[in-house]
Amino acid sequence: MSRRLLYASFVGEAEVLAAVAALRAGGHSIDEIYAPYALHGLDRAAGLRRSRLGWVCAAAGFLGAGGMAWFQSWTSATSWPLNVGGKPFFSWPAFVPVTFEGGVLAAGLATVAAFLLRSRLYPGRAPSPLPAGATDDRFVVAVVARDATFDAQALARLCLEHGAVETVERVERGEP
Amino acid sequence: MSKPPADSAPHPDHAPRRGFDVDRRTFLKTAGFAMLAAGCARPPVEKAIPLLVQPEELVPGTNLWYASACAGCAARCGTLVKCRDGRPIKLEGNPAHPLSRGGLCAVGQASLLGLYDSRRLAAPVLRGKPVAWPEVDVAVGAGLHAARRMRLLTDTLASPTEERAVRRFLAAHPGARHVVYDPLSCSALLDAHQQLFGLRVLPRMRIERATAVVAFDADFLGTWISPVEATAGYAQARDLSGTPPRLLWHAQIESRLSPTGARADRRWTVLPGEIPLALAHLAARLLPAAGMSLELSGLEPSPLPAAALDELAARLAAARGSSLVLCGSNSLAAQTLVAAINQALGNYGRTLDLEQPSLQRQGDDRALAQLIEELERGAVDALLVRGVNPVYDLQQGTSLRAALAQVPLVVSFAERVDETAAAAHAVCPEPHTLETWRDAEPVAGLVTVMQPALRPLGSTRAFCESLAAWSGAPRSAYEQVRDTWREDVLPRVPGASDFEGFWTAALDRGFVEARPTPPAPRPFDVSQVQVARSAERPAPGQLALVAYPKISQLDGRHAHNPWLQELPDPVSKATWDNYAALAPSTAAELGLQTGDVVRVAAAGTPPVELPVLVQPGQHPRTVAVALGYGRAGTDRFADVGPRWWFGKRTVAVGGTVGANAAPWLRLEADGLRYDRVAVEIEKTGRSRPLATTQRYDSLDVPAGLAPPGGVHRPIAQETVLAAYRGNPRAGAPEGEAESGAPADLWPAAAPGAHRWGMAIDLNACTGCSACAISCQAENNVPVVGRDEVQREREMHWLRLDRYYAEGPGGEVDVAHQPMLCQHCGHAPCETVCPVLATMHSSEGLNQQVYNRCVGTRYCANNCPYKVRRFNWFDYPHEDPTANLALNPDVTVRSRGVMEKCSLCVQRIQAGKIAATTRGTPLRDGEIKTACEQSCPARAIVFGDLADPQSRIAAQARDPRAYRALEELGVQPSIFYLRRVRNRDQETT
Amino acid sequence: MTEALFPLQRPLIAGDKTAADVTRDVCRPLEGRPTPLWWAGFLAAAALLGLGVVCVGYEVATGIGTWGLNKTVGWAFDITNFVFWVGIGHAGTLISAVLFLLRQRWRTSVNRAAEAMTLFAVMCAALFPLIHMGRPWFAYWVFPYPNTRGSLWVNFRSPLLWDVFAISTYFLISLVFWYVGLIPDLATLRDRSSGRRQRLAGLFALGWNGALSTWNRYELVYLLLAGLATPLVLSVHSIVSFDFSTSVIPGWHTTIFPPYFVAGAIFSGLGMVLTLMLIARKTMRLEDYITPRHVDVLCKLVLATSLMVGLAYTTEIATALYSGNPYEGFAFLNRAAGPMGWTYWIMVGCNVAAPQLLWSARVRRRLGIVFAISLLVNVGMWFERFVIIVTSLHRDFLPSSWASYSPTPIEIGTLLGSFGLFFTLFLLFCRFLPAIAMGEVKGVLSHGKGDHA
Amino acid sequence: MRRIVRLVLVVALGFASAALVPRLTGLRLPGNQQGYEPAQPIAYSHRLHAGELQIPCLYCHSGALRSRNAGIPAASVCMNCHRLVTAARATTRAEEKQAEAEHRKPRRVVAPELQKLYDALGLGPDLKPDPQRTARPIAWVRIHQLPAFAEFDHRPHVAAGVACQKCHGPIETMERVRQFETLSMGWCVNCHRAGVPAPDQPGGVKVASTDCSVCHH
């Protein structure tokens, strides 16, 4: 099926915040907001929830650390115990640094990997067509038509009132 | 890494390779760089070539031992030659031999390398062209036939067979005379006994029987007559752990600091020209008491302080019959006085043996002087030179070369074209001692057989063979030795009848005890004693010069031996050079410091330029220069060591290692003198840094960097007899706990089958460095060259640290400490290696795995003893002949890996395997490390600390035992036994 | 008026920029032709790099003997350079991560370049442990991989092995951190360019379109990475310091090393950031973004860390002398008054004395002087490592083994080469990637303009 | 969460494959000569001598008892038998038959491979040393070669009762000798760990030392 979308571009931070508030108040459904930089408060205005990537980070971290700790003690105390400088085979204090590094490495890489996967960012992905300047200095609010009562003109007017510099109406051919 | 393949191939140079031709090392490198690529490549094809017909006694890969004797010097110590797959790879002292008693000095150890010297003559040379033997025989034969006045000039033979060959040769050539001289002459000592006892022999020193020794300029532990024998006796006479404990008192009066002087309990310095006078004063104090009437009035004032003379006299008198006065000076006056003193003290027959005298020096300098005069007069028709190098080692060298040109026939037996052979018409090279049959009688009644260990590498011919050939009765050395033993030796051996049995036994044992030949001495004739009433002293502004032999070079006959060239002098620690040693005060006066080049000029000789070495403990008005340097052909070492962009050559092409000091010798009426009364020293303004292996000489940290009062590091600990009597642990640093196990954070590692350890008795060690060379030979330690030593990269696994300290009467005290890997129980080096290339064995060894090492050098940094050695370059092993000396049991290390003392783990392995195969447990002392085995003083004991009965365990319990830097808690396995100086009170 | 009352409320970016201006200014150097100044710098750097390649090549082919090391001094330039570069590598992460956590918004102008600097510095650092090996072709043995030796693993008790893990982790995390921050800017670059640059930027922008939901996650990820990088940055230099502090050598065996090294690392890092910022500001006409205020803040940090380092110097001497351990005491006296004392005084002069000038605000405003001081700090910190390593080693326990050390031309060439590598990479970065984080700068444009302050 | 599990699995798989692949596939690491089976100058058959004729290994390789090298026997050892045995039984039998038929003394038949041995020793047709011919040793191609830094000694292994086949494989079945084992360090070490049945106590095992210096010095 196909979707009708209205893209409204803003420049000022104040304007976009106000507009988003107004649109949500007007019961319009905002499909997505495209921002050139992270504008604080905008996510709250758009009513987004906090991401759960933190859990990935923690889990990976502990797994990595645990893995390294086990691997070190296994190689030095079980697989082939060797007398190095008269130290005990399981000389755990010596294993702390590598354990820590292992944890940090796993956590960091896993988090970023999860982030890219979750946000479907990957090399060669085509960016969605947007009005010019979306990654330069313009906030673009995309309002999607929920039903037949969708009045693009009225909506555009509303946005322009709130200081949109430009509005575009577009029909998106979604794959069936 | 590569090592001579010890597979069944009898000939150890690398077998031909098929396929793509890379050696394993390059292969592994590429493999490392591109593992997968190399994954489908095969290492090179190696051939294994067995013998066609295998003799019964020869099992490839096992050692064969031959009893022989060392020809490194005239002392002729008994040796055992270790052969592997047909090639000698190690020389060791023969434990049964009365002279060496198992020890062997550095020179003896290193003489092995001379065998594999690719520059030795491989064929006789006639007028500069290599020819076949028959040609030489024709030419020489003709020359000898024409000659009426023929002279045979040799060093001391001390060999029944060779003496016999010489006798026959002289008989066959009327008008021929045999002249003997020793480059390191004892002529005066011999003459003195000729005059006083009617015997021209050296009394054999029995130091082991002495309780007090006073040596005047006699380096008897280092280079004088028979050092290994003397060292063994000396150690025996100072053995505090023996029963009863003994501590010989030793005083040294000398002008330079000799290794022997470094061991003395009391030491005074005098000018070389003052020694006879000093002896006269000592005689004046001792002879009357013995009722010997000798006119000793009108002496110049004594060079020694009266107190010193009193102390000497008192000590000697107290030790009547067990004392010993020695003198290395070649002045007849000095030697007769010494003999008189020893006679007065009743030492003859006790500490000085005339019944079985030493034959190790027989040179007659008067005869030499006469020969030279004849030569200069052109009154010699033929000259045969053997074992000596007059053009090099005599003052008259240059003029002699001219004189030789006048002689119709000059024949040399040198193994290479040396200075004299260069002036000879024919050079008839002798084989190396390990290549031929010889024998020796170093001490009357001790006849030693010297058997070959392999066939001559070149077409050489023994001295006695050449003589026989030219006397018209050609006979092989083997036959000649057997003849001599059958006809001359056998009759002298009581109870021996069947020759073959006797011969086999002799070969097996290496020597026989026979009846001594020399007649009994006649009673002492005091009237023959000469008294020196005055001294020779340099004029103000001049210095007296002393030319002395170095432990590593002696008279220069081993100048072509890289091991010896790179062996640090026990006292100065310098390598690859001789130098003008000056006392610190003198150097300061002249504004000189170590490395400054000076011009040394003496009357009648061209000035010589030498670098200065500031030498504490030397007489301020002397300059000391080592003999044996400046040998022709030593520019062969121009390319020793690595060549790289900023690397310097060891010696300039066409140059020589060091400069020859022989021109300063003087041939006086009573003998060859090794000193010049007056020389002048002149600055050149240039400087040439010496390659020394130790840059800081004291255990006290520099005054500027220490808290007030200074800091002394208790690393080479020592005490004095008085203190030791009171408290056997005297000398330990204050507050050190009575030897208890140090606190330990970790549970002790599970004990293994053994716990290897070593104890080194600093009281016995004389610093002679035999251990260092033995280690080098055993463990394939490379020679790195002068530049690398100067960059402080010498590779010796075992070094002798030498420290100076302020001794009594402002004299210098010297401490020696052999330093090697301490095999710490809690080794700092092991913890830091990232790849486990060094870690601990279950038997307490600190293992270094060369093939695992990646070369981070972290272990060396973290070693408190700095005993680890890094392969900065691929140190050369490119001479295929020299490589035959490599020990196949020890890996040759490649560039970029760390190495260090392994406590001769290859010997430990061999011992354990021998025990397993024979099925009985190891015996204590069955395994000997190379250093322990070669030590003439028996200062080193290796063994199993886990066995409470072992010698090592006993030594570790000795109250003198301590471990260096024990306070670090690294738990070393090497114990040191404190040195005890025979003194009454501690000196500051 | 507000400015006088609330100095912190001053705008961070001068010249009253709009977001569009930011984009334009930052992308300008990337899209135009390189300036002659850039070319000059680049060629100089490349030449140094070439010299370095020759020296390293010769060393690997011939042996470590081509360096001035000896039986006593087993490390000198090699590990000095290693620690020096690792230290430089720390300011980047510090500025982007720690200051981010501390909500220091002024960081936005400098963090991108600082992070790049970190990466390049760590690359230079990682080079030295590799080439200082006697047999670098076996360097892979330091990684624990299953093998046919039994399996023979590695020694996890060796600080050198901790280094291997610390450095590689640090490099990877910094790389990721830097790249994640770069994604939005790459998208900007993509959308305003065409042809090959667009395709290339597009490839690495991963199809970023600034959707708010992605920004939402992005912010969190950035926060998490910053949170990880901060302890990491501390751990890495602590571990580097373990190389020395866990040994037995007097002068190395010191418990204050970890904090001392971290402070030193940050100090040297800030010094290098200052140097680079001042260069970039001039050569790339970024005066409006790297304002005197940024310099001022950095100067204050340099001063602070300099004081920490100075404290460490005095502490270690005091403890050494007070400890009563003769070897320890000697090591430090020898450091200051021994044959190599001059290196010690260079270190003190550059690291402790010179930065004291920064107390004066007038000096902080004189960029010329600041630049000079930043250079001195770099020199001083190199000598600090040299002093610690060489003066401790050359005279340790046994006087018989005391030795001296002097570098060979090969070693000096290698050091220069590492600078060549560093600046070559940095100049390429300035040329082909936005040297300032547009996405973040735009976020702080409004700062100090009344609203949303 | 699933994603992390997957991540861990991937890592584990990587390790496992790195460990197993060399064993399962024919991929050899550098230095591994397993299966090396070069042609030898003389086609000597261990199958015949050790297998059929059951000559004990130590008869020819006596070095294994007395030396670190088992050694390749000297040609003189071969001659102990081949002074008499000059060819396969069948061929000599045939010659004898033929000789009988032709009423003449049988001629000596010499197998071509054995001729190489006699040539090496420089023997004439009468198997006596022939001054005309020069003896030259036989250059066998070495099969079991350890790197120069690994010291192997046969004696303790023989003493411990390790069968030759344990390391050299079923040599008595090999026509041409092949390197049977990898001779890798891991292979040595694992055998040292496992040990051999102890002679003194039944059921006990005597393990060998795994100290580095046992093989590396």
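This is a predicted model: local features need pLDDT of at least 70, side-chain atom pairs count only at pLDDT 80 or more; totals for chains, interfaces and linings use all residues.
Asp25(C), which lies 411 residues from Ile436(C) in sequence, is 9.7 Å from it in space, C-alpha to C-alpha.

Elsewhere in chain C, helix 10 (residues 292–323) packs against helix 11 (residues 326–337) at an angle of about 135°, the two axes being 7 Å apart, and the arrangement of helix 10 of chain C relative to helix 11 of chain C is therefore oblique. The crossing of helix 10 of chain C past helix 11 of chain C is left-handed. On the side of helix 10 of chain C the contact is formed by Glu316(C), Ile317(C), Ala320(C), Leu321(C) and Ser323(C), which meet Glu328(C), Gly329(C), Phe332(C), Leu333(C) and Arg335(C) of helix 11 of chain C. By residue class, this contact of helix 10 with helix 11 of chain C comprises five nonpolar, two polar and three charged residues. Chain C also contains a cis peptide bond between Gly150(C) and Ser151(C), with omega of about -25°; Ser151(C) is placed in the loop between helix 5 (111–131) and helix 6 (159–192) of chain C.

In chain B, Glu788(B) belongs to helix 21 (residues 786–790) and is buried, with a relative accessible area of 1%. Not counting residues up to four places away in sequence, Glu788(B) touches Pro642(B), Trp644(B), Arg793(B), Glu794(B), Trp872(B), Phe873(B) and Tyr875(B).

Backbone geometry in chain B was also examined. A cis peptide bond, with omega of about -10°, joins Thr243(B) to Pro244(B), and Pro244(B) lies in the loop between helix 7 (227–237) and strand 11 (249–254) of chain B. Arg76(B), a residue other than glycine, has a positive phi near 55° and lies in the loop between strand 2 (63–69) and strand 3 (78–84) of chain B, where it counts as buried at 7% relative accessibility. Asp217(B), likewise not a glycine, has a positive phi of about 55°; it is located in the loop between strand 10 (212–216) and helix 7 of chain B and, at 23% relative accessibility, counts as partly exposed.

For chain A, the domain assignment gives domain 1 (2–36 + 133–173) and domain 2 (53–118), whose centres, taken over C-alpha atoms, are separated by 49 Å.

How values were computed
Residues are numbered from 1 along each chain as its sequence is written. Chains are lettered from A and ligands numbered from 1 in the order in which they are written. Side-chain values use heavy atoms; hydrogens and water are left out. Helices (H or I, at least four residues) and strands (E, at least two) are DSSP runs, numbered from the N terminus. Buried means under 20% relative accessible area, exposed over 50%, partly exposed in between (1.4 Å probe, protein chains only). Contact means heavy atoms within 4.5 Å. Axes are lines fitted to C-alpha atoms, for helices over the stretch in contact, and angles run from 0 to 180 degrees between N-to-C directions. Angles under 35 degrees count as roughly parallel, over 145 as roughly antiparallel, 65 to 115 as roughly perpendicular and the rest as oblique. A crossing is left-handed if the near helix is turned anticlockwise from the far one by less than a right angle, and right-handed if clockwise. Ala, Val, Leu, Ile, Met, Phe, Trp, Tyr, Cys and Pro count as nonpolar, Asp, Glu, Lys and Arg as charged, and the others, Gly among them, as polar. Domain bounds come from an automatic or database domain assignment.
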